[in-house]
Amino acid sequence: MTGGHDLAARQAELVAALVAGAPIPAGFDQRLVGAARAALLRKRAGEVARHWPLLAAAFGPRWPATFARWAAGRPTQGGLRDGWDLARTLVGRDELPAAAVEELAVRDAGWRYDGTSAPRRRRLPALRRTPGAVVLQVAGRVRVLRPGGGG
C-alpha cells in the first residue's frame, strides 16, 4: 500500500500548492500549476464578490488582483469568511474604501465572527460606527442611520 500512500501524499502536496500557496511539488509543470492556481484565485474572488458586493465594487477592475494578493497564501474559508477576513485586514491598514467600511459594519452588527469559528447571528443589540453612519442591530434587524435622517 506504499504506492497509494505516496499518491495521496503527492495529491495533498498539489492541492496545498493550488489553494494554500505551498510550493509546487517536484515533477509538476510550474506553468500549468501556476495557471490553475490563478484560475482558482479568480474563482474565489468571484465567490467573495457575491457575499461582499460593495467590497468588490469599491476596487472595480482591481478587485481580482487585490483579492489574489491577499488570498495567495491562504486556504479558503469560503466566500463569506474570506471577504470578512480581507475587509478586516484592509480596515486595520486604513485601506478599506468607504462603501466597504459600511458593508463591514453592517455585517459586524448583525453577526458574530471571531476570525476562526463560523459566523453566528447576534442575539443582543449591537452598534457599529462608521465615518458616515451608525449601524444598529436590534431584534435581528439591522438599520443604517445617517446624519440628517438619510438612513
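**Sheet and helices**

Q: Let's start with a bridge: which residue in E5 is the partner of Val134?
A: Leu145 is the bridge partner of Val134 in E5. Keep in mind that this is a predicted model.

Q: How many bridges join E4 to E5?
A: There are 5 bridges between E4 (residues 133–138) and E5, and the two strands run antiparallel.

Q: And what's the strand order in that sheet?
A: The order is E3-E4-E5, an open sheet of 3 strands with antiparallel pairing. On average, neighbouring strands are turned by 15 degrees against each other, direction ignored.

Q: Which helix lies across E3, E4 and E5?
A: That's H6, which runs at about 170 degrees to E3.

Q: Switching topic: at what angle do H4 and H5 pack?
A: About 90 degrees, with the axes of H4 (residues 63–71) and H5 (residues 79–92) 11 Å apart. H4 and H5 are therefore roughly perpendicular to each other.

Q: Which residues make that contact?
A: H4 gives Trp63, Phe67 and Trp70, while H5 gives Asp82, Asp85, Leu86 and Thr89. They split into 4 nonpolar, 1 polar and 2 charged.

Q: What does Leu86 touch, leaving aside neighbours within four places in sequence?
A: Leu55, Trp63, Phe67 and Trp70.

Q: And which residues have the most contacts inside the largest nonpolar core?
A: Leu55, Trp63, Phe67, Leu86 and Leu96, in a core of 20 residues. H2 (30–51), H3 (53–59), H4, H5 and H6 (98–110) each give two or more residues to this core. There's also a second, separate core of 5 residues, including Ala105, Ala109, Ala133 and Val135.

Definitions and conventions: Residues are numbered from 1 along each chain as its sequence is written. This is a predicted model: local features need pLDDT of at least 70, side-chain atom pairs count only at pLDDT 80 or more; totals for chains, interfaces and linings use all residues. Side-chain values use heavy atoms; hydrogens and water are left out. Axes are lines fitted to C-alpha atoms, for helices over the stretch in contact, and angles run from 0 to 180 degrees between N-to-C directions. Helices (H or I, at least four residues) and strands (E, at least two) are DSSP runs, numbered from the N terminus. Angles under 35 degrees count as roughly parallel, over 145 as roughly antiparallel, 65 to 115 as roughly perpendicular and the rest as oblique. Contact means heavy atoms within 4.5 Å. Ala, Val, Leu, Ile, Met, Phe, Trp, Tyr, Cys and Pro count as nonpolar, Asp, Glu, Lys and Arg as charged, and the others, Gly among them, as polar. A nonpolar core is a set of buried Ala, Val, Leu, Ile, Met, Phe, Trp, Tyr and Cys residues joined through side-chain atoms within 4.5 Å. Buried means under 20% relative accessible area, exposed over 50%, partly exposed in between (1.4 Å probe, protein chains only). Two strands pair if DSSP finds at least two bridges between them.
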